[in-house]
Amino acid sequence: SSGINAEWPLRPGDMSCLWDYESSVIRGFDLAVSSGPLCEEPMAATLFVLQEWIGSWQSDTTESVGQPIAGQIVSAVKEGCRQAFLKKPCRLMIAMYKCEVQATAEVLGRVYGVLAKRQGRVISEELKEGSGTFVIAAVLPVAESLGFADEIRKKTSGFAMPQLVFSHWETLQEDPFWVPTTEEELAHFGELGDSGNLAHDYMMSARKRKGLSTDEQIVVSGEKQRTLKKNK
C-alpha cells in the first residue's frame, strides 16, 4: 500500500477503545487498498481520513466478544474505504512501456500510424549519423502492446524493429465513469458516451478479463431486434 495513508483524529477518552481495535481498522484499510473497486487492483496516491470514531464497548467485555466485533470492523472499514473512494473523481493508473523503434525514412509515417493507433506518444526522433535510419523513442500503454511488434513489422515490411521495456506507471486524466450531459457532449459522444473514453474501456477490459461484473449489455435495444421469418 505504498503511497496510501490513513489518518484519524482522536478525542479524549477514545484511546483505550482505539488500541483494542486498531489492528482491525488497519486490516480493513489494507484489504481495501490492496484491491480497489475499479479493477480489483492495488490503489496508489490515495489518502483516507477517518473523521470520527464512535463506540460503546466496555473493557470487561472486550475478550468475550473481541473476535466478532473485530471481524465486523474489518468488513466495515474495507467497504467504507471503497465507497469513499468512489464518491470522489476516480482515475486509473496504467503501466507504460518505453518503446524504441529503428526505421528508415520510407516507413517512418507507417511507424507513427501504428503508434497513434495504439495510444502511443512519441518522445523523440533522431537520425543515426552515417546512415538513413531513424531512432524513434516513444511510450506505449502495456494494455496496447499485444501484437504491437508483429503489426509494426507487417506495416513496414520488416524495415522497422521495435523494442519494448517497462518504463513507469501513468495516470489517465479521463474519468472512467464520465457520461455526457450537455447538448454539445451528447451530440459529440452520443447518449451512451462510450466513444473515446479510454479509461472506461481499460477498466471494463480488466474487469471482463478477471470475470468481474461489467456494464456491458448483450441486448441494447430489445424492441429493435429483428425476428427471422420461418419458411413454410
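This is a predicted model: local features need pLDDT of at least 70, side-chain atom pairs count only at pLDDT 80 or more; totals for chains, interfaces and linings use all residues.
Buried means under 20% relative accessible area, exposed means over 50%, and partly exposed is in between, with a 1.4 Å probe and protein chains only.

Residues are numbered from 1 along each chain as its sequence is written, and side-chain values use heavy atoms, with hydrogens and water left out.

Salt bridges, then. The term stands for a side-chain nitrogen of Lys or Arg within 4 Å of a carboxyl oxygen of Asp or Glu. The structure holds six of them.

Take E41 and K210, whose side chains meet in a salt bridge at 2.3 Å, N to O. This pair links distant parts of the chain, 169 residues apart: E41 is in the loop between α1 and β2, and K210 is in the segment after α6 (198-209). Helices (H or I, at least four residues) and strands (E, at least two) are DSSP runs, numbered from the N terminus. K210 is partly exposed, with a relative accessible area of 35%, and E41 also counts as partly exposed, at 42%.

Next, R82 and E40 form a salt bridge of 3.0 Å, N to O. R82 lies in helix α2 (residues 62-87) and E40 in the loop between α1 (15-34) and β2 (46-49), so the pair ties together parts 42 residues apart in sequence. Here R82 is buried, at 13% relative accessible area, whereas E40 is partly exposed at 26%.

In R121 and E170, the closest N and O atoms of the salt bridge are 3.0 Å apart. R121 belongs to strand β4 and E170 to strand β6, so this pair ties together parts 49 residues apart in sequence. R121 counts as partly exposed, at 42% relative accessibility. There is also a network of salt bridges linking K117, R118 and E151.

Back to β4. Strand β4 (residues 121-127) pairs with strand β5 (residues 133-141) in the antiparallel sense over six bridges; pairing requires that DSSP finds at least two bridges between the strands. L127 has F134 as its bridge partner in β5. Five residues lie between the strands of this hairpin, where G130 takes a positive phi near 80 degrees.

Leaving aside residues up to four places away in sequence, T104 touches G132, F134 and F159, contact meaning heavy atoms within 4.5 Å.
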